[in-house]
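Take a look at the structure below. We start with a strand and its neighbours, then turn to a pair of helices.

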Amino acid sequence: MSATLIDLIRHGEPVGGRRYRGRGVDDPLSETGWQQMRHAVGDAAPWTRVLSSPLQRCQAFARELAEHHHLPLEIIPEFAEVGMGEWEGRAHGEIAVSEPERHRAYRNDPVGCRPKGAEPLEAFLDRVVGAYRARLERHPGEHLLIVCHSGTTRAILGEVLGLGPHDWYRTKTDYAGITRIRHGANGPVLECMNRPTLP
């Protein structure tokens with residue numbers, strides 16, 4: 001059986017600037033965000049289907065791309081971003097000023113010092129990886145595009161590379177950054193990470 005290729009692309013810049021959005025703040029892409037996404041994929045369409053987080057900063061572009069290239073589109077609720085509790089909607093810099101100790105603790109230990117009401121990373125990992133494995137089983141040998149978030153990408157990379165949540169934040173995912181994973185007979189291989197355009 002041929003390998004299954006997975007391309008992960010993070011959404012582009014959303015309206016509202018840099019802030020914790022999580023699952024509860026559903027800002028659309030800014031005009032810059034749309035340009036970033038369109039530049040990243042260009043006119044190419046090597047995929048057999050498009051999968052997307054339900055949040056509009058992912059879903060709107062996924063829908064446009066799928067319709068333009070006549071590709072099947074599946075919205076996957078489990079691919080939504082990790083919940084950030086009471087910090088959702090708040091700017092990073094504002095929290096660093098108003099709650100410096102909590103913000104510093106979170107930056108040093110994002111697993112153990114979650115914002116109040118935030119989704120535990122273990123639970124987040126379970127929902128994302130469960131959905132990811134299900135799609136691998138359902139679409140063997142295909143080339144899938146997953147339009148998602150930095151957290152979702154980190155959880156999938158953690159699963160592929162054997163990294164726990166404590167290690168996720170050692171990776172960087174830019175707006176519209178593309179990561180490719182090949183699932184072959186000898187297991188998954190990370191072929192590229194955080195590229196500004198398709199490999």
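Seven of the seven residues of strand β1 (residues 4–10) are buried, so the rest of the structure largely encloses this strand. Buried means under 20% relative accessible area, against over 50% for exposed and in between for partly exposed (1.4 Å probe, protein chains only). Strands are DSSP runs of E with at least two residues; helices are runs of H or I with at least four, and both are numbered from the N terminus.

This is a predicted model: local features need pLDDT of at least 70, side-chain atom pairs count only at pLDDT 80 or more, and totals for chains, interfaces and linings use all residues. Residues are numbered from 1 along each chain as its sequence is written, and side-chain values use heavy atoms, without hydrogens and water.

In a regular strand, side chains alternate between the two faces of the sheet. From β1, T4, I6, L8 and R10 point one way. L5, D7 and I9 point the other way, and all are buried.

Which strands pair with β1? Strand β5 (residues 178–184) runs antiparallel to β1, joined by six bridges; pairing takes at least two DSSP bridges. L8 has T179 of β5 as its bridge partner. Strand β4 (residues 143–148) runs parallel to β1, also through six bridges. Here I6 is partnered by L144.

Now the helices. Helix α1 (residues 31–41) packs against helix α2 (residues 56–69) at an angle of about 40 degrees, with their axes 11 Å apart. Contact means heavy atoms within 4.5 Å. W34, M37, R38 and V41 of α1 meet A60, F61, E64 and L65 of α2. These contact residues comprise six nonpolar, no polar and two charged.

Notes. Axes are lines fitted to C-alpha atoms, for helices over the stretch in contact, and angles run from 0 to 180 degrees between N-to-C directions. Ala, Val, Leu, Ile, Met, Phe, Trp, Tyr, Cys and Pro count as nonpolar, Asp, Glu, Lys and Arg as charged, and the others, Gly among them, as polar.
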